[in-house]
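Welcome, and please take a look at the sequence and the model shown here.

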Amino acid sequence: MLENLDLRLSLDKRMYKMLVPRLSNRLFEMQKASWDARVPVVILFEGWDAAGKGTNIQKLTSPIDPRGFKLYPIRAARTFEKKKPWLWRYWNKIPARGEWAIFDRSWYGRVMVERVEKLVPESEWRRAYRDIVDFERLLSEDNTLIIKFFLHISRSEQKRRFEKMSKDPLTAWHVTSEDWDHHRHYEDWLVAYEEALENTDTEWGPWTIVEATDRRFTRVKVMATIINHCERYLGLPQTPINLAALDEEELEQDGDAGIFEEDEDSENEAESNAGSESPEEEETLTGGVIRDLLEEESPSSQEPAAGTQANPSQQE
């Protein structure tokens, strides 16, 4: 499954700077629409170490209202949490009506981290597949929109990022001996990830696998996917972005992407060019996928739960 992904997909700086302001505005509108419709939204991120989960969450939350979401970085269960049913600590984090809950890792640690590191018996992590599916179905039946991302990078890309961070005193602390141990057992993690994705991809909780080699492409795909899911679930008219109409004049009017760019241009250029056959091929790889994201409906999407208003603006 994951081996078949095209990890060369990338997005050039020019298109990124044209897309991000529009996607950011639409993302804010989706947050407001879900608040008006009183529809809770769960957004969770899983993926490889150094795949960019934290960075993407930072970029995702920048344009939305901080009063309308809660962010939960998930760590190992505490002692008192281990004395309760294993999903108890996640039930306490379910968003209220109209709010968003964003998870940096999630309940999938049971069938990923705890499985590979043998923290629980096999019988328990195998039973967790059913627990997770039932848990997410209950949320969906209670009118909660569930959006799940898995950020995928290759073994060589993960090693490159570890080495790059290790050389920088400001980021070296991010890379631990445990991270390198995970890297050495890449194949074991790959098996666990693929089995988890296969067993928990459902109608009410579909997975979106993100080709995360190029950071700009990753951010645009994440933002566009959330927008598409919200528009369909809330019954809102989809507003595709006409890529052909995005010319240099509009780019100048939009100005700099500001908080979205920072100092990552050179890094993104290196990542974009790595493994590319030619500029023409790279443009083809990028253009088709971005157009699919922005202009077409995804085949796997959640249907609005019973009682969801077709037009949130009519909510009293």
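Helices (H or I, at least four residues) and strands (E, at least two) are DSSP runs, numbered from the N terminus. This is a predicted model, in which local features need pLDDT of at least 70, side-chain atom pairs count only at pLDDT 80 or more, and totals for chains, interfaces and linings use all residues. Residues are numbered from 1 along each chain as its sequence is written, and side-chain values use heavy atoms, with hydrogens and water left out.

**The chain as a whole**

The chain holds 13 helices and 5 strands. Of its 316 residues, 52% count as buried; buried means under 20% relative accessible area, exposed over 50% and partly exposed in between, with a 1.4 Å probe and protein chains only. A contact means heavy atoms within 4.5 Å. Among the contacts in the chain with a separation of 6 or more, 84% are between residues 24 or more positions apart.

**A cavity and its lining**

A cavity is, on a 1 Å grid over the protein atoms alone, a set of points where a 1.4 Å probe fits but cannot get out, and lining residues have an atom within 4 Å of a point. Grid points are joined across faces, edges and corners, and a volume is the space filled by probe spheres set on the points. By this rule there is 1 cavity of 30 Å³ or more, and the largest cavity has a volume of about 30 Å³.

Which helices each supply at least two residues of its lining? They are α2 (53-61) and α10 (215-234), and α10 gives the most, with 3 residues. The lining is made up of A51, G52, T55, N56, A212, D214, R215, T218 and R219. These divide into 2 nonpolar, 4 polar and 3 charged, where Ala, Val, Leu, Ile, Met, Phe, Trp, Tyr, Cys and Pro count as nonpolar, Asp, Glu, Lys and Arg as charged, and the others, Gly among them, as polar.

**Two helices side by side in a table**

The expected span below is 1.5 Å times one less than the number of residues in the helix.

| Helix | Residues | Length | Reach, first to last C-alpha | Expected span |
|---|---|---|---|---|
| α7 | 155-167 | 13 residues | 19 Å | 18 Å |
| α9 | 186-200 | 15 residues | 21 Å | 21 Å |

In α7, the buried residues are E157, Q158, R161 and F162. They cover an arc of only 140° around the axis, which puts them on the same side of α7; the arc is that of the directions from the helix axis to the C-beta atoms. On the other side of α7, S156 and K167 are exposed. The buried residues of α9 include Y186, W189, L190 and Y193.

Helix α1 (residues 13-37) contains R26. R26 counts as buried because its relative accessibility is 16%. Beyond its neighbours within four places in sequence, R26 is in contact with I227, E231, P237 and T239.

A33 is also found in helix α1, and its 9% relative accessibility makes it buried. A33 and E231 are 198 residues apart in sequence, yet their C-alpha atoms are 9.0 Å apart in space.

Helix α8 (residues 177-184) holds H182. Is H182 buried or exposed? H182 is buried, with a relative accessible area of 11%. Not counting residues up to four places away in sequence, H182 touches D49, E117 and W189. W48 lies 134 residues from H182 along the chain, with 9.3 Å between the two C-alpha atoms.

Technical notes. 1 Å grid on protein atoms, 1.4 Å probe; cavity = no way out; pocket = protein on both sides within 12 Å on 5 of 7 lines; lining within 4 Å.
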